[in-house]
Amino acid sequence: MLYFARWKIAVVLLTVLAGIVTTLPNFLSSKTLESWPDFLPKSQMVLGLDLQGGAYLLYEVDREDYIQKRLKTLVGDIRGALREQPRIGYTGLGIQGQAAQVRIRDTDRIDEARERLADLVNPLVNSVFGGQQVNEFELNVSDDGLVRFSYTSDGLDQRMASIVQQSIEVIRRRVDEIGTTEPNIQRQGTDRILVEAPGESDPERLKALVGQTAQLTFHMVDTSMSGQQALQARPPVGTMVLYSVDDPPIPYLVEESPLLSGEDLVDAQVSFDQNSNEPVVNFRFNTSGARKFGLVTQQNVGKPFAIVLDEEVISAPVIREPITGGSGQISGSFTVDGANDLAVLLRAGALPAKLTVIEERSIGPGLGADSIEAGKLASIIALAAVVTFMIAAYGRFGVIANIALFANIFLIFGALTVLGATLTLPGVAGIVLTIGMAVDANVLIYERIREENRAGRSAVSAIDAGYSRALGTILDANITTLIAAVILFQLGSGPVKGFAVTLAIGIFTTVFSAFTFSRLLIALWVRRRRPSKLPI
């Protein structure tokens, strides 16, 4: 057990050296790291929300808002299906509570109407592996011609799960666009999304970007009457009144069915108008969107159309000439930041449903600095106490255990840096706990060596037997702790996961440093001193 081949010695020492080299950048400034040679590591450990401050936002998907929007789309689909040739007469098409309904005028054509509308129940698959199929809607047709689409509970749950997952991806793209480092975006429960942005200096801007639905649509403006007249009288069928973002807002009468949507966009960038020097947003469509946009503008030259964002008209220009290049411009009373934010929203895509903030916290960097200082103090106290105890209890062997302990700390920080793990306050607690646990293996080994020495073994034989027989106990103790860490990581979230990751890394580095590295140091000492008596 005390014999080490040269290649093994080299591997152990290089591992410890790698831990030290990868940890050092965490104690240096960014300016100092820029002057480092390229072959040296420059990555620094990412600090969590509780250590560097930032924004904490908990969102909930607005079910009712989504249901009403989905039913509105369903009403349009029902209208389109019944108007197909030969048309089926109907009346009373609209939304009633959480259902869409229509009445077929000719009761003799009820079966034909049922057949046309059957596909609108929208079958959904329960899992990506082709699980049980459920319908989003339930179709009920009565003998008197009343057709009613209502949400099924399984269909709504399946749709909500899909919405949450899609929203997480959209939010992640938006947060990445503004350069937030290592955001934590994850699902909580069935319809909630947690957003943590460490180091975010402007939580209000983040909240505005994350929570805005950003549903961009293009509608033709109905010029048969003004928006103000439409508010006072009944607007034409298939139109609606939307307000502009101006102050005071201006009402516009627009067609309900959008000509194009933001799904056809492939890019949006900020630029400045050559005439007014005001910030504008230039957008570009994909091939399909460019073709549709060109056709629409060609057919409606001289007519106004509205660019609508989340049911607010942000611009209503007149089409002067056909736009066939697949690109356009959104202008308005934008600030530079406002134009940038709009471009980010358009590039990242729209949220499938409205999100409501149910919990909001802003953690200042001062509080994070206090947490770091408290963590440093706790680590120093724990380290000093352990070092003192080991030297007092085991003398020279205690010094070797302390060297292994410092190597262990470097290995933990080095592993966290290389893996890009986020260090949180519970993670600091995990490191402090690891410091206390790290010498536990040495205590087991040294006590076993003492027992073997008392039993009459020679110094070298006692050391060899102590390491051999303590190995099983060390592995058992650390494997059980590792199992607990894995369970914490799988079932926990946020800070709990941070603690579990640090603890798990600490287990592997502890076994290496306390058993392998300390054994190498003792083996080198034995080879040099050839002791006849143990200094323990």
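1. Basis. This is a predicted model, in which local features need pLDDT of at least 70 and side-chain atom pairs count only at pLDDT 80 or more, while totals for chains, interfaces and linings use all residues. Residues are numbered from 1 along each chain as its sequence is written, and side-chain values use heavy atoms, with hydrogens and water left out.

2. Aromatic pairs. A search of the whole structure finds 13 aromatic pairs, where rings of Phe, Tyr and Trp (its six-membered ring) pair if their centres lie within 6.5 Å, and planes under 30 degrees apart count as stacked, over 60 as edge-to-face and the rest as tilted. One of them joins Phe283 and Phe293 edge-to-face, at 6.4 Å centre to centre and with 70° between the planes. Phe283 lies in strand β16 (residues 279-285) and Phe293 in helix α9 (residues 287-299), so this pair ties together parts that are ten residues apart in sequence; helices (H or I, at least four residues) and strands (E, at least two) are DSSP runs, numbered from the N terminus. Both Phe283 and Phe293 are buried, that is, under 20% relative accessible area, with exposed meaning over 50% and partly exposed in between (1.4 Å probe, protein chains only). Ring pairs also link Phe218, Phe283, Phe285, Phe293 and Phe305 into a cluster.

3. Helix α13. This helix (residues 440-454) has 15 residues, and its end C-alpha atoms are 21 Å apart, which agrees with the 21 Å it should span at 1.5 Å a residue, the expected span being 1.5 Å times one less than the number of residues. Its buried residues include Ala441, Ile445, Tyr446 and Ile449. Just after α13, Gly456 takes a positive phi of about 105°.

4. The sheet. Four strands form an open, antiparallel sheet in the order β9-β10-β2-β20, where two strands pair if DSSP finds at least two bridges between them. The edge strands are β9 (184-188) and β20 (355-363), each of which pairs on one side only. The twist averages 15° from one strand to the next, with axes taken as lines fitted to C-alpha atoms, for helices over the stretch in contact, and angles running from 0 to 180 degrees between N-to-C directions. β9 and strand β10 (residues 192-198) pair in the antiparallel sense over five bridges, and Gln186 has Leu194 in β10 as its bridge partner.
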